[in-house]
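Me: I am new to this structure and would like to go through it by question and answer. Please show it first.

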Amino acid sequence: MRSINIKVLFVSLLFLIPRLLKAQNHPGIGVAAEIGLPSGNFSNLSGIGLGASVKADLPVAENFAITLNAGFMNFFGKRNQLFNVQDLTYIPAKAGLKYQLGESFYAEAQLGTALPLNKGQKTLFAWSPGIGNQFKLSGENKLDFGIRYEGWTGRSDIFGLNKTNTKGFVGVRFAYVFGL
């Protein structure tokens, strides 16, 4: 009797899962320009960061999507009469979840890594919560404006210090999203 109940449950799940995962929103790929405004101690090293990214939204439920994001970000080092900080150039690669709060408004959270392009810099753990709004265009295409706080966390670059260091910034993203 118990094995029949398990089989019925299993067969029911096989039919229900595709229905539950059927998304009402559409997949899309966005190409974006990004601005990074350093915060905290990171603002002592850089005044601004500029970059570009590509992000895919893959719907898994009515209001949920998995996001995959990769890009390029360069934070310009500060220079003055006392010190000269080199530019910090990274390739952030992140994955996350996006939740549609309304027809166009969303919240998302992503985790990943920031890979350095400069010598002497370390790979960092990247995390970012954010919000955004998408404006519908013709067909399934959209304009996407997002803002997030992003942190890149790793061990200190200073010799002899075994301390965690976070480079935090406010990221502003302007994207054109192609509906698929």
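Me: In which sense do S1 and strand S2 pair, and over how many bridges?

Reply: This is a predicted model, where local features need pLDDT of at least 70, side-chain atom pairs count only at pLDDT 80 or more, and totals for chains, interfaces and linings use all residues. Residues are numbered from 1 along each chain as its sequence is written, and side-chain values use heavy atoms, with hydrogens and water left out. Strands are DSSP runs of E, at least two residues, numbered from the N terminus, and two of them pair if DSSP finds at least two bridges between them. S1 (residues 28-38) and S2 (residues 46-59) pair in the antiparallel sense, over nine bridges.

Me: Which residue in S8 stands opposite glutamate 34?

Reply: S1 also runs antiparallel to strand S8 (residues 164-179), joined by 11 bridges. Glutamate 34 belongs to the covered face of S1. Its opposite residue in S8 is arginine 173.

Me: Is asparagine 74 buried or exposed?

Reply: Asparagine 74 is found in strand S3 (residues 64-77). Buried means under 20% relative accessible area, exposed over 50%, and partly exposed in between, with a 1.4 Å probe and protein chains only. Asparagine 74 has a relative accessible area of 11%, so it is buried.

Me: With which side chain does the side chain of asparagine 74 make a polar contact?

Reply: Not counting residues up to four places away in sequence, asparagine 74 touches (heavy atoms within 4.5 Å) Ile48, Gly49, Leu50, Asp87, Leu88 and Thr89. A polar contact is a pair of N or O atoms within 3.5 Å; within protein, one must be able to donate a hydrogen and the other to accept it, and residues adjacent in sequence count only if both atoms are side-chain atoms. At 2.4 Å, the partner is threonine 89.

Terms used:
Helix = DSSP H or I, 4+ residues; strand = E, 2+ residues; numbered from the N terminus.
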